[in-house]
Amino acid sequence: MVEELVGVVAAVGAGALVYVASAARVVKQYERGVVFRLGRLHGDVRRPGFNLVVPAVDRMRKVNLQIVTMPIPAQEGITRDNVTVRVDAVVYFKVVDPAAAIINVEDYRFAVSQMAQTSLRSIIGKSELDDLLSNREKLNQGLELMIDSPAVEWGVTIDRVEIKDVSLPDTMKRSMARQAEADRERRARLINADAEYQASKKLAQAAHQMADTPSALQLRLLQTVMAVAAEKNSTLVLPIPVELLRFLERGQQPAAQAPGHAEAAEQAEIAEGSADRMEQAEEAMEQLRRAVEQ
């Protein structure tokens, strides 16, 4: 009798262990469990930890609540300014309603992937090339809104969307390179022209200053000659005053073309001025000769 009782207890204990083993479910911290009893949603979503279900009656499906990183395959499209581009992106999303993610959509991952691809093509068609290259933050926000609107019904929320790369045709790359090169050359020419303008203003001021003091021109001439002579060149170039050439040219004119009394007086003044300049030139040449001899 005792042996039979011990056998019954052992059988009941073994059955209980088998039942507990078949009914036990462990839900991880980043998961939630959705229980279906005879095909219908039963109770609330099971929390992380040890859970029991009715064997052969209940079925539990676990849903991952971690953020999913899903790359969007490169989509080829034509922008609003008629440029063919290939754009790929990446979507970050997570499940916020496990029951809706299981019941409302067959495969929420596949659904998010297809919605992201179609939204990316739509964004390409609505945008211009410059926006795709430089204004990606605004496009990312628009793409996120387009994907998040239908995903709410699937129990999924879009964390963020990022456009990774924009591939351009080779002809467009060469055109953009030529455009950038032309813009750089234009800026270089503007800077050079501005420098020439500023230099011409300074030279004009220097010319006015030297016109007020003619000796400054002679000193500048001597400085230039000394700078050339200091480099030990075999050839030394000396400028000839223009007034001297004019004086010699007037002296070669025939006497029959001599001007009147007023013109003769003017010629006399010019000759006197030329004589003064000749004397200054001779003094400059003498100073130059002394400098060379030293």
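This is a predicted model: local features need pLDDT of at least 70, side-chain atom pairs count only at pLDDT 80 or more; totals for chains, interfaces and linings use all residues.
Local features here need pLDDT of at least 70, side-chain atom pairs count only at pLDDT 80 or more, and totals for chains, interfaces and linings use all residues. Residues are numbered from 1 along each chain as its sequence is written, and side-chain values use heavy atoms, leaving out hydrogens and water.

Me: What pLDDT does the protein chain average?
Reply: pLDDT is the predictor's confidence in each residue, from 0 to 100. In this chain, 76% of the residues score at least 70. The chain average is 80.

Me: Which element has the lowest mean pLDDT?
Reply: Helices (H or I, at least four residues) and strands (E, at least two) are DSSP runs, numbered from the N terminus. Strand β7 (residues 84-95) has the highest mean, 93. The lowest, 59, belongs to helix α8 (residues 242-251).

Me: Over how many bridges do β2 and β5 pair?
Reply: Strand β2 (residues 31-37) runs antiparallel to β5. E31 stands opposite N64 in β5. The number of bridges is seven.

Me: What is the average twist in the sheet β6-β7-β8?
Reply: This open sheet of three strands is antiparallel. Its edges are β6 (68-78) and β8 (156-167). From one strand to the next, the twist averages 25°.

Me: Which residue in β7 stands opposite T69?
Reply: β6 and β7 pair in the antiparallel sense over nine bridges. T69 faces Y92.

Me: At what angle does α3 run to β6?
Reply: Axes are lines fitted to C-alpha atoms, for helices over the stretch in contact, and angles run from 0 to 180 degrees between N-to-C directions. Helix α3 lies across β6, β7 and β8. Its angle to β6 is about 35°.

Me: Is S127 buried or exposed?
Reply: S127 sits in the loop between α3 (108-126) and α4 (129-134). Buried means under 20% relative accessible area, exposed over 50%, partly exposed in between (1.4 Å probe, protein chains only). The relative accessibility of S127 is 5%, so S127 counts as buried.

Conventions. Two strands pair if DSSP finds at least two bridges between them. Contact means heavy atoms within 4.5 Å.
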